[in-house]
Amino acid sequence: MGASSSTEHDTTELREAESLAASTGGLSLLQNVFSNLSDPQTHTLSPSSLQQSFGIDIVKVECEAIEPPIGFAELLNHVGSSIVDLFFMAEKGGINWLEFLRGYTKCCGRTSASNSLNTLFRVFAMAAEKAGLSLKLEFEFDDTDCKMTGSLLASDLLMLLWVCWVMSWHHRNTNNSKQKANYILPDLNHMVLSAVESCSDISSDSKISNLSELNVELPAGKIHLWALRTVPFLADSFGQFVQAKLRKAVSHEDNLEKSGPSVGDISSTKCNTCLLTPGRAWAVSLNLRSTLHEEIVKTCFPNHAYETDENLLYRSGLHGRGLNRFWANVEGYKGPVLMLIAASSGDAHEGGKEWIIGALTDQGFENKDTFYGTSGSLYALSPVFHTFSSSGREKNFIYSHLHPTDFARVTLNHHALDKTYQPGSLCPAQGYLPLQASVLDVEVWGLGGRSAKEVQNANQKREDLFTEQRRKIDLKTFSNWEDSPEKMMMDMMNNPNTVQREER
């Protein structure tokens, strides 16, 4: 297989390439792909077959918020050929084993987040060029680095984010055997506006009804910094996409009879009516690693349209706004939780501003009169996305208790009053003074996995059993009615000032 072409290249280079591929855990996969797709006579891969493996074929593109830009569907169709043209060097006979390894390492090898972003932008820029779209991006290379220059429009950035989202979907749904499907893209305006606010003079207070109306050019360098700071794991979607496509190339022939959800099935109706929409959940997930990331992306990419939102612990519009209802649904959950609050500030008669904020904790809520917890993050989710992680300066992470009766008002204080989290505004025009707003809706999502939910369910069943047992009073244990607690309670209700004699 791969060894058959080693005589044509320096053995040291081949060993180095195999070692780099092995460090990513993908050497065995690459061997299987090369064996399945390569010509047995020339021991090389056809560029066209590799382009087909990386291809994204579509029928129709739709979006939750706005119409996709003209040419976006065509851009997706050129992703596969752009990957091969950029990273897999072909000789006259095709792509040999060594160049296949090198190409994979360029896409999925261990590198800095900055280099990964540059790789992603290069694929996007070439695919856009092949689709006939005009981008003002340029790349400068030297022996060790690639520098991106130029600028992007807000609509260009939205297309880039959508490309990454589609790549992430393919990573999550490798068993989908459908070659073509309808793509329903999530609303990602909050992420684009975050970049616009960070990279230009336009503030979140500006009334922006359509991103296509924003002709401001966002400098490539500032976009790069925004991505590293706000969505640091955005570029991971590209490497995961390449790996997913290679895995599918190996298993596709064995799974033709299997069917999976189309891309149009990714967003369930229930999920779209929640505060934590697929677009907002994906934005939060781009700041998280490990198990937290895996749990929250279930909201972005459910395996089936009929899949229930197992992670939803509480929603005020569904379970009730009273705090007793809140605690009945969240108490006993010991895993990380994400709480979202939708609120409206300003005069309702003058069109108050609506916004959504979020708080991520590393543990469940507890009824305490003191601060607790060890870490957490705050999020501005709508209309603009921002994340504020722990600063390490103070430890006032969580404060929750039973004193209020319901979720009626929320107060936002300036970060100068408490430095537990990184500074910044959670909503437009927050200012220095405390900002009070009317609560519209509240959600709590458990991110501790199935085991945390099972433990909570077991605790709640046990508590319900104890409560039911306490309600049952066996009157046979009392000698007569005069000694029963029921009579005592009735007497106190009829005349609370009556002195009750205590038997000794």
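Mentor: In this predicted model, Val79, Ile83 and Phe87 of helix 5 are in contact with Phe238, Phe241 and Val242 of helix 11. By class, this contact comprises six nonpolar, no polar and no charged residues.

Trainee: What describes two packed helices in general?

Mentor: Two packed helices are described by the angle between their axes and the distance between the axes. For helix 5 (residues 79–87) and helix 11 (residues 236–251), the angle is about 95 degrees and the axes lie 13 Å apart. Angles of 65 to 115 degrees count as roughly perpendicular, so helix 5 is roughly perpendicular to helix 11.

Trainee: At what angle do helix 7 and helix 10 pack?

Mentor: Helix 7 (residues 113–130) packs against helix 10 (residues 220–230) at about 120 degrees, with the axes 11 Å apart. That angle makes helix 7 oblique to helix 10. The crossing of helix 7 with helix 10 is right-handed.

Trainee: Which residues meet where helix 7 and helix 10 touch?

Mentor: Helix 7 contributes Ala113, Ser114, Leu117, Asn118 and Phe121, and helix 10 contributes Ile223, His224, Ala227 and Leu228. These residues divide into six nonpolar, three polar and no charged.

Trainee: How many helices and strands does the chain have, and what share of its residues is buried?

Mentor: The chain has 18 helices and twelve strands. Of its 504 residues, 46% count as buried. Among contacts between residues at least 6 apart in sequence, 74% join residues at least 24 apart.

Definitions and conventions: Residues numbered from 1 in each chain as written. Predicted model: local features only at pLDDT ≥ 70, side-chain atom pairs only at ≥ 80, totals over all residues. Heavy atoms only, no water. Helix = DSSP H or I, 4+ residues; strand = E, 2+ residues; numbered from the N terminus. Buried < 20%, exposed > 50% of the residue type's maximum accessible area, 1.4 Å probe, protein only. Contact = heavy atoms within 4.5 Å. Axes fitted to C-alpha atoms, helices over the stretch in contact; angles between N-to-C directions. Parallel < 35°, antiparallel > 145°, perpendicular 65-115°, else oblique. Left-handed = near helix turned anticlockwise from the far one by under 90°. Nonpolar A, V, L, I, M, F, W, Y, C, P; charged D, E, K, R; others polar.
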